[in-house]
Amino acid sequence: MSQKAVLFVCLGNICRSPMAEAALRAEAVAQGLALTIDSAGTNGLHTGQRADPRAIAEAARYDIDLTRHRARQLTEDDFLHFGHIYALDHQNLREIGRIAPRRHPAKVALLLDMVPGRGGQAVLDPYYGDAEDFATAWDDAAQAAKYIVAQLAR
């Protein structure tokens with residue numbers, strides 16, 4: 001398990017977690033930090049599917065290609081491979097706790113706990129919303145990515 005391996009988790013792994021993965025990947029590249037980054041969902045309903053077209057469009061606004069993303073479900077093995085696992089909301093944080101093996105070395109937290117003044121807050125689920133909701137979710141993920149990179153670069 002690497003402390004420089006980060007996993008983002010939302011419900012279906014087609015909206016928020018792939019955007020968070022993409023935002024962190026872009027920030028890590030921009031800062032020259034090598035990280036292992038992935039995303040997963042607590043629910044396997046969308047396994048194998050592409051990211052939501054609205055998430056793809058939002059990432060494209062930042063010249064990031066999400067078209068290769070394929071949804072996958074969180075597994076017990078993830079807790080052994082990723083040093084940091086970030087839930088995008090409270091429901092998924094509880095599900096992560098349910099799925100986690102009894103003993104694991106991963107640090108599990110809400111994503112926005114990384115952002116000063118945002119601790120305990122959830123990233124808005126844009127799935128039933130519009131393009132503006134996807135932009136808000138992206139902004140939250142991108143803001144958290146800056147703090148994650150700063151912390152892991154130390």
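Buried means under 20% relative accessible area, exposed over 50%, and partly exposed in between, with a 1.4 Å probe and protein chains only. Helices (H or I, at least four residues) and strands (E, at least two) are DSSP runs, numbered from the N terminus. The model is predicted: local features need pLDDT of at least 70, side-chain atom pairs count only at pLDDT 80 or more, and totals for chains, interfaces and linings use all residues. Residues are numbered from 1 along each chain as its sequence is written, and side-chain values use heavy atoms, with hydrogens and water left out.

**View A. Strand β3 and its partner β4.**
Strands pair if DSSP finds at least two bridges between them. β3 and β4 (residues 107-110) pair in the parallel sense, over 4 bridges. Ile85 stands opposite Val108 of β4. Together with helix α4 (residues 90-99), β3 and β4 make a right-handed β-α-β unit. Right-handed means that, with the strands pointing away from the viewer, the path from the first strand over the helix to the second runs clockwise.

A disulfide is a covalent bond between the sulfur atoms of two cysteines. The criterion here is a pair of cysteine sulfur atoms within 2.5 Å. By this rule the count is 0 disulfides. For Cys10, the nearest cysteine sulfur is that of Cys15, 6.7 Å away. That distance is too far for a bond. Cys10 is buried at 3% relative accessibility. Cys15 is buried too, at 5%.

**View C. Arg16 and Asp125.**
A salt bridge puts a side-chain nitrogen of Lys or Arg within 4 Å of a carboxyl oxygen of Asp or Glu. The whole structure holds 11 salt bridges. One of them joins Asp125 and Arg16, at 3.7 Å from N to O. Asp125 lies in the loop between β4 and α5 (131-152), and Arg16 in helix α1 (residues 16-31), so the pair ties together parts 109 residues apart in sequence. Arg16 is buried at 3% relative accessibility, whereas Asp125 is partly exposed at 38%.

Arg25 bridges to Glu21, with the closest N and O atoms 2.6 Å apart. The two sit 4 residues apart in helix α1, about one helical turn. Glu27 forms a salt bridge with Lys146 at 3.3 Å between the closest N and O atoms. Glu27 lies in helix α1 and Lys146 in helix α5, so this pair ties together parts 119 residues apart in sequence.
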